Amino acid sequence: MTIAPLPPVADHPMIIDGQPVAAGSGEWADVHCPGRRGTVLGRVPRADQADVDRAVAAAHRALPGWRDLHFKDRQIALLRIADALQDAAEELAVLTAADTGNAIRPQARPESQTLVNLFRYFGGVAGEFKGTVLPAGADQLQYTRREPLGVLAGILPWNSPLMIAGMKVPAALAAGNSIVLKPAEDAPLTIIRMVEIANRFLPPGVLTVVTGRGSVVGEALVRHPDVHKVSFTGSTEIGRHVAAVTGERIAHTSLELGGKSPTIVFPDAAADDRLAETVEGVLLGMRFTRQGQSCTAGSRLFVHADVYDRVLDAVAARAAELVVGDPLDDATDMGALINEKQYRSVLDYVRDGRAQPGVRVALEGGPYRAEGLDGWYQSPTILGGVDNTWRIAREEVFGPVLVAIPWTDRDEVVRMANDSHYGLAAYIWSRDLTAALDTAHRIESGWVQVNQGGGQVIGQSYGGYKQSGIGREFSLEGAIEGFTQTKQINVRLG
Ligand code: NAP
């Protein structure tokens, strides 16, 4: 295994009004590298309420000019940003691997490419944020305008910041909004760099980034009377708080929250000619190559009792082959967990799951250490014989831990799959499309995949049922709903 050099240590100022700025207080916070314990990647400003006020005021000043442009001018800007981000894609991927711990080949590069693709997509459809005309008679002009909401706060988690920023920023800009981004304290570097690049093509203030603690900067944005929408991605716990605050002041809100998604394997998916494909898909759906730190991880594996041992053994054998190691090394399949707190939380869940009666350890996860490489590494754990009521089957572990539960009857598995306060994603494996689609329609999740485990397709709908969230911003229809408001204008002609 090779240990790749990290990007040079530097200060990474915020971007407000198109300019790099420090916090008004002069305070800075270290950003740590999850793959190299104790290594500091650089510093970011530790902003406070006054910095948030400054960013929101800049976004307000920028709003009329940006909102009132012809859509083609916003389109040109977004497409230029896409080209510049494409040129910087490898740099952004390296930075992602360094500050999130996501492995460069399977995860960090696809993330930075997805960001580029999203700028291209929403640049291309910028003219579609449009209203309708009602045929109400020759003497009437009755039409709607889709107007931007105004100033948006985009609050981001640490697990794949660029991809999640890509799910908010290009669409919101195409619709004519201005945006203040707040990255997670643990992984702010790629977002600052993205905003820096985008600002070369945007009027000052249209896109800003403010760094600092969620309880200070995030809270200030959520409470700010001049922030018209909060687009939040993160945990259900903080999402609930955000919704309470924005509900009180009647501000638009979208929430992309946690998940505990089911993967359901039917007996025919374990046939000799299908097993290998099913196993690859189960692992992909489980997002082991993101260390399981994905809201859509298919972390509850429901396997039909007739093929339970066969599938579980094959999944465990293949997961054991995943190469854990330096996120910046191309040979690595799985990088590092984000920080010590998350690492200890994952170990605690595993301890708890292993202590349950009747549990079977199908794959023993463990720490990974190498010469010169000491980070928050943990290889996959797979537990069999799990009951759907156990804590490890109900709570979001957000780590490389898969639990397997047997089933015998379709109604039973649908009931177990739906027995969760989450409802983000689901994965179904069967060559019997009638059975698969019947199951898909009965699953209470916002996104169901059949016979595949991979990522989102740009333009599709995405969002949660139940406590996995509210709102859809990813598809064109969702973005129009999520980033504009409708004004009806009725004119008597003549
Ligand atoms: P988190 O702790 O909820 O934090 C998310 C963001 O909220 C961070 O920027 C955080 O800032 C900020 N924040 C914290 N307190 C706040 C407050 N009082 N007001 C406003 N903002 C506040 O989540 P995380 O640990 O970063 O991310 C993991 C979670 O995100 C998981 O539950 C995962 O399922 C979910 N997620 C969901 C999706 C989806 O699409 N549904 C995608 C990715 C992740 P600090 O970091 O500075 O505290």
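This is a predicted model: local features need pLDDT of at least 70, side-chain atom pairs count only at pLDDT 80 or more; totals for chains, interfaces and linings use all residues.
Let me start with Lys 466, which sits in the loop between β19 (447-450) and β20 (469-470), where helices (H or I, at least four residues) and strands (E, at least two) are DSSP runs numbered from the N terminus. Residues are numbered from 1 along each chain as its sequence is written, and side-chain values use heavy atoms, with hydrogens and water left out.

With a relative accessible area of 35%, Lys 466 is partly exposed; buried means under 20% relative accessible area, exposed means over 50%, and partly exposed lies in between, with a 1.4 Å probe and protein chains only. Asp 17 also has a positive phi, of about 60°, and is not a glycine. Asp 17 belongs to the loop between β2 (14-16) and β3 (19-21), and its relative accessibility of 26% makes it partly exposed.

Strand β9 covers residues 178-182, and five of its five residues are buried, so it is largely enclosed by the rest of the structure. Ser 178, Val 180 and Lys 182 point one way from β9, whereas Ile 179 and Leu 181 point the other way.

Which strands pair with β9? Strand β8 (residues 151-155) runs parallel to β9 and is joined to it by five bridges, with Gly 154 standing opposite Leu 181; two strands are said to pair if DSSP finds at least two bridges between them. Strand β10 (residues 207-209) also pairs with β9 in the parallel sense, over three bridges, and there Thr 208 is the bridge partner of Val 180.

Another set of pairings involves β5. Strand β1 (residues 10-11) and strand β5 (residues 40-45) run parallel and are joined by two bridges, Asp 11 being opposite Arg 43. Strand β4 (residues 28-32), on the other hand, pairs with β5 in the antiparallel sense over five bridges, and Ala 29 has Val 44 as its bridge partner.

Finally, the ligand. How many residues surround the ligand? There are 31, and the closest are Leu 156, Glu 219, Ser 235, Leu 257 and Glu 396; a residue is counted as near if one of its heavy atoms lies within 4 Å. By class, this shell has 15 nonpolar, ten polar and six charged residues, where Ala, Val, Leu, Ile, Met, Phe, Trp, Tyr, Cys and Pro count as nonpolar, Asp, Glu, Lys and Arg as charged, and the others, Gly among them, as polar.

A polar backbone atom of Glu 185 is 3.1 Å from a ligand oxygen atom, and for a backbone N or O atom of Gly 214 the distance to an oxygen atom of the ligand is 3.0 Å. Taken alone, the ligand exposes 900 Å², of which the protein buries 87%, these areas coming from the Shrake-Rupley method with a 1.4 Å probe. Two or more residues of the shell come from each of α8 (214-223), β11 (229-233) and α9 (236-248), and α8 gives the most, with five residues.

How values were computed: A polar contact is a pair of N or O atoms within 3.5 Å; within protein, one must be able to donate a hydrogen and the other to accept it, and residues adjacent in sequence count only if both atoms are side-chain atoms.
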